[in-house]
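Dear colleague,

Please find below the structure that I am handing over to you. My notes on it follow directly after.

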Amino acid sequence: MSASSGEGWIGYSLKIAQHRLRQRLEAELAGTGVSASQNAVLLAIGDNPRISNASLARAAFVTPQSMQGMLVTLERDGFIVRTPHPDHGRIIMTELTDKGSAAAQAGMLAAEAVERQMLADLTGEEARLLGDLLRRCADALERT
């Protein structure tokens, strides 16, 4: 393993795992008509129709500008409807259509299947430990 190629770094292994996870998830989602980022948005909207565009962008790991374009596409393709809030004119309610709900459900099942595949060679305890360690690593990088 050469450190200059990145192969000896945990961060490199993490990036490879994340890349392969994303590829697998995109392949599983191909039949739903949405990408992994769009699926994350649909799931977030399903949980909270009043969710802000900034929160949606964070959920999908995209910029707020990209999120606006994604919402336009999801609305155009019939996955969501956006309407002004009846009591607060500045708030836009974003709700899933039946098509959006079906895609979100299929996406959740796809994500669960891909995660099961990713963790198949780990014991339950190892999977819990891995999740804990990754959260701790993310928290350490969040501190300034």
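The chain has six helices and two strands, where helices (H or I, at least four residues) and strands (E, at least two) are DSSP runs, numbered from the N terminus. Starting at the N terminus, the order of these elements is α-α-α-α-β-β-α-α. The model is a predicted one, in which local features need pLDDT of at least 70 and side-chain atom pairs count only at pLDDT 80 or more, while totals for chains, interfaces and linings use all residues. Residues are numbered from 1 along each chain as its sequence is written, and side-chain values use heavy atoms, with hydrogens and water left out.

Taken along the principal axes, the box filled by the C-alpha atoms is roughly 55 × 40 × 30 Å. Of the 144 residues in the chain, 24% are buried; buried means under 20% relative accessible area, exposed over 50%, and partly exposed in between (1.4 Å probe, protein chains only).

The largest nonpolar core has 17 residues. Such a core is a set of buried Ala, Val, Leu, Ile, Met, Phe, Trp, Tyr and Cys residues joined through side-chain atoms within 4.5 Å. At least two of its residues come from each of α2 (36–47), α3 (53–60), α4 (64–76) and α5 (98–119). Among the residues with the most contacts inside this core are V41, I45, L56 and M67. Contact means heavy atoms within 4.5 Å. Not counting residues up to four places away in sequence, L56 touches V41, A44, I45, I51, M67 and L71. A second, separate core of five residues includes L25, L29, A110 and V114. In soluble globular proteins, nonpolar side chains tend to be buried together.

Two threonines also deserve a look. T32 lies in the loop between α1 (10–29) and α2. Is T32 buried or exposed? T32 counts as buried because its relative accessible area is 18%. If neighbours within four places in sequence are left aside, T32 is in contact with F79, A103, A106 and G107.

T94 belongs to strand β2 (residues 92–96). This threonine, T94, is also buried, since its relative accessible area is 2%. Beyond its neighbours within four places in sequence, T94 is in contact with I45, P49, I80, V81 and R82.

Yours sincerely
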